[in-house]
Amino acid sequence: MQDALQDLISDLSGGVSFSRASAMLVTRVTNILNCDVCSLFVLDSKTQNLQLLANEGYRDIEPNRIVVPPQTGVIGLVVKRKEPLNLTNVNEHPDVYFVEGHEENAYPNFLGVPILSQRRVVGVLLAQSEYDEFSEDDEGFLTSLATSFATHLSHAIATNEIALSSVPPKQREEQHFRGYAGSPGIASGTAVLRHPHAQLEDVTYRVIEPSEIDHELMEFNEALAIVVQDLNQGRERMQSVLGAEELALFDAYLHMLDDDSLPQEVRTTVMNECVWSQTAVSSVFSRHIRELERSESSYLAERGQDLRDLGQRILAAMQRQDHVDNDIPPNSILVAQEVSASMLTEVPAENLIGVVSVEGSMNSHVTILARALNLPAVIGAKDIPLLDIDNLSLIVDGFYGEIVVNPAPATVTHFEELVHVEESFQAELEELRDLPSVTLDGERINVWVNIGLVSEISRSLDLGAEGIGLFRTEVPFANRNRFPTEEEQRRIYREHMQAFDPRPVTMRTLDIGGDKDLPYFKIEEENPFLGWRGIRVTLDHPDIFLGQVRAMFKANADLEGILRIMLPMISNIEEIEIAKRYIEQAYREVTEEGVNAKQPQIGVMIEVPSLIFQRQQVVKLVDFLAVGTNDLTQYMLAASRTNPQVAELYQEFDPSMVHALRMLAKTAHEARKPIGICGELAGTVEGAVMCIGMGYDVLSMNATNIPRVKWVIRNITMTNCRRIVARALRMQSSKEIFNFIREQLHGAGLDKALPPHEPPAIFF
Ligand code: PEP
Ligand code: MG
């Protein structure tokens with residue numbers, strides 16, 4: 001039964017539609033349990049009715065017509081108790097209920113299990129049998145199945161895939177959905193749905209005559225040329241808006257179609273297997289996609305999606321589908337299952353105001369590009385009613401990752417006002433660029449930038465960055481198909497240092513692992529966030545570490561600015577000592593080579609809670625501390641930063657975090673060492689005020705957030721920030737602390753700097 005369960009679960013998650021999955025579910029359950037009937041019910045949250053969705057065993061019933069009223073029948077008890085009910089003689093149960101076409105009492109043996117999603121019952125899975133009682137094994141089987149089917153069912157409910165009898169079809173009322181805040185800003189416009197042109201999976205396996213091979217190869221070559229040409233044209237269109245590093249992403253994309261790689265494999269498949277060229281494209285691309293998608297790394301999985309996009313474009317060209325549809329009206333919001341980098345380039349930039357992608361993550365090309373193009377974007381919007389969305393009016397809130405479908409006129413007006421407020425505040429912020437970050441009572445706070453792409457340099461300086469607080473060196477490592485050489489690294493680092501000179505530049509040594517993988521250096525682990533990450537990797541690979549540090553010294557030679565080397569994911573003292581020895585070695589090596597290197601400042605990131613308890617020793621060994629709140633929060637609260645299931649537990653304002661941050665700042669100051677924050681917290685207005693009040697010397701953040709935080713610093717007093725911290729330290733929940741800081745900002749007349757509206761209700 002275990003194998004049957006695994007097979008069924010895997011078949012259900014194999015990309016089949018919900019209606020097919022439901023039909024498959026009930027049929028297979030009757031076979032596996034050897035019972036007479038299996039039924040799948042959905043709970044209509046509005047009416048609390050249970051509506052039959054799929055059935056195996058009863059004859060001639062129309063599933064959607066069968067509705068069990070609230071709290072009725074034995075099935076109603078399953079909902080009420082939220083637990084399985086296994087009965088041998090249901091006829092005698094006082095609650096038994098009779099519905100025409102679906103008799104609870106038709107079979108004496110009854111096994112019902114609730115389908116639960118986020119603690120709520122969303123449906124019931126029911127098995128009935130004439131002769132055989134259901135065993136404990138059967139109960140376990142059905143419960144496991146219900147647990148894994150819960151995601152399908154709740155997704156289908158959210159996306160209106162299920163025609164609930166209480167909801168008129170194609171309902172046009174305002175609906176709110178949630179995704180990741182991919183790129184900040186608000187866009188209000190019309191959805192333009194893009195479909196992938198042709199599905200790799202839909203191509204049939206067709207054998208051809210040897211005499212047809214040449215023709216098939218020609219078909220493929222022509223299609224390939226069309227796709228490459230389209231991509232090149234897209235790249236050209238983007239050249240003026242994107243920097244060199246983002247354009248390199250396009251090159252990586254195009255590189256996948258280099259003649260000697262995948263295309264050659266397709267040709268060989270056509271020739272050796274004597275198959276249709278479309279069959280060959282489908283099988284070669286699908287194989288590579290599967291390999292990439294099997295990887296635990298989100299980076300590689302994203303590359304799998306790039307490959308799918310390319311394969312499907314080639315198919316579309318072979319099927320003579322209209323491969324480019326440029327005609328989109330002004331104020332368009334591009335929506336797709338997987339918005340690809342190339343889709344973005346196909347549409348005229350002046351008509352595009354926002355992006356929504358069902359698939360994707362913070363690593364996706366589309367997210368990086370949307371940010372570079374300054375387009376509000378929500379990514380990973382799993383529940384939007386994709387099939388119905390074309391031409392509907394839409395609001396994309398890239399501040400919070402919210403999407404409003406069919407906004408009511410009042411909602412549109414509200415968001416449009418927010419856009420205006422935001423625009424006029426942005427204009428005010430532009431004037432701050434060259435003004436110092438000083439509080440009203442004269443305390444200087446350093447506002448630095450977190451950076452990774454060369455193209456972000458000028459934008460960061462334009463937005464007023466006074467230094468680099470975090471250079472994520474893994475970014476230039478990830479944009480390649482091999483490790484960059486020492487000289488390649490030197491050039492990239494030098495570009496940043498030169499542009500910022502004499503401002504300080506903090507170079508973090510390679511921080512891979514967790515959710516950050518390099519395409520050419522796979523780390524496959526069961527529990528990657530607790531595995532081989534950051535300094536653990538580079539201390540095991542002194543070649544990488546030394547090469548990087550040497551490149552940093554060389555890049556810094558002859559410049560005025562101080563080189564700051566920062567060590568990520570340190571969890572004990574020994575790691576600091578070893579890393580320092582390697583840094584000394586690199587320093588000796590480069591000076592022996594004649595490089596005019598200066599002694600660097602060495603700092604550690606506080607990301608692992610163990611260091612909080614060793615802070616007195618740590619601070620003695622280093623020149624500065626920087627708190628990486630993104631990771632510290634996840635390790636402090638044991639809630640992964642990338643898992644939406646536990647997103648509610650991942651709270652940067654949790655009292656434990658507030659106390660930890662305070663303790664770290666106090667220790668650093670007692671030792672007269674500077675301390676900064678370079679997690680996302682520093683770039684939020686609420687977090688910045690709290691960290692200033694705790695005495696943090698450096699706030700390092702994404703360039704976009706700099707002007708807003710600087711504005712707050714210039715309009716608040718240190719005394720007020722300290723008072724806020726003193727009160728926050730006595731509070732008991734992140735919500736209480738967060739709301740309190742917001743209230744204080746409102747009270748001080750600083751609400752303009754908060755995102756132009758409160759977090760939407762769906763966030764709590
Ligand atoms: C952090 O963990 O807070 C941090 C800045 O590092 P990253 O987000 O790159 O892991
Ligand atoms: Mg980190």
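Lys82, with a positive phi near 55 degrees, follows helix H3. The model is predicted, and local features need pLDDT of at least 70, side-chain atom pairs count only at pLDDT 80 or more, and totals for chains, interfaces and linings use all residues. Residues are numbered from 1 along each chain as its sequence is written, chains are lettered from A and ligands numbered from 1 in the order in which they are written, and side-chain values use heavy atoms, with hydrogens and water left out.

Helices (H or I, at least four residues) and strands (E, at least two) are DSSP runs, numbered from the N terminus. H3 spans residues 73-81 and is mostly covered, with seven of its nine residues buried. Buried means under 20% relative accessible area (1.4 Å probe, protein chains only). The buried residues of H3 are Gly73, Val74, Ile75, Gly76, Leu77, Val78 and Val79. They pack against strands E1 (37-43), E2 (50-56), E3 (67-68), E4 (85-87), E7 (109-117) and E8 (120-129).

Phe545 is part of helix H17 (residues 542-556) and is buried at a relative accessible area of 0%. Leaving aside residues up to four places away in sequence, Phe545 touches Thr509, Ile535, Thr538, Leu567, Ala579, Tyr582 and Ile583, contact meaning heavy atoms within 4.5 Å. Thr509 is 36 residues from Phe545 in sequence, with a C-alpha to C-alpha separation of 7.1 Å.

The magnesium ion (ligand 2) has Glu607 (OE) and Asp631 (OD) as its protein donors, lying 2.0 Å from it. Glu607 lies in the loop between strand E21 (601-606) and helix H19 (615-621) and Asp631 in helix H20 (residues 629-637), so the pair ties together parts 24 residues apart in sequence. Donors are N, O and S atoms within 2.8 Å of the metal (3.2 Å for Na, K and Ca); water is not among the atoms, so sites may look incomplete. Glu607 is buried at 2% relative accessibility, and Asp631 is buried at 2%.

Note on methods:
Buried means under 20% relative accessible area, exposed over 50%, partly exposed in between (1.4 Å probe, protein chains only).
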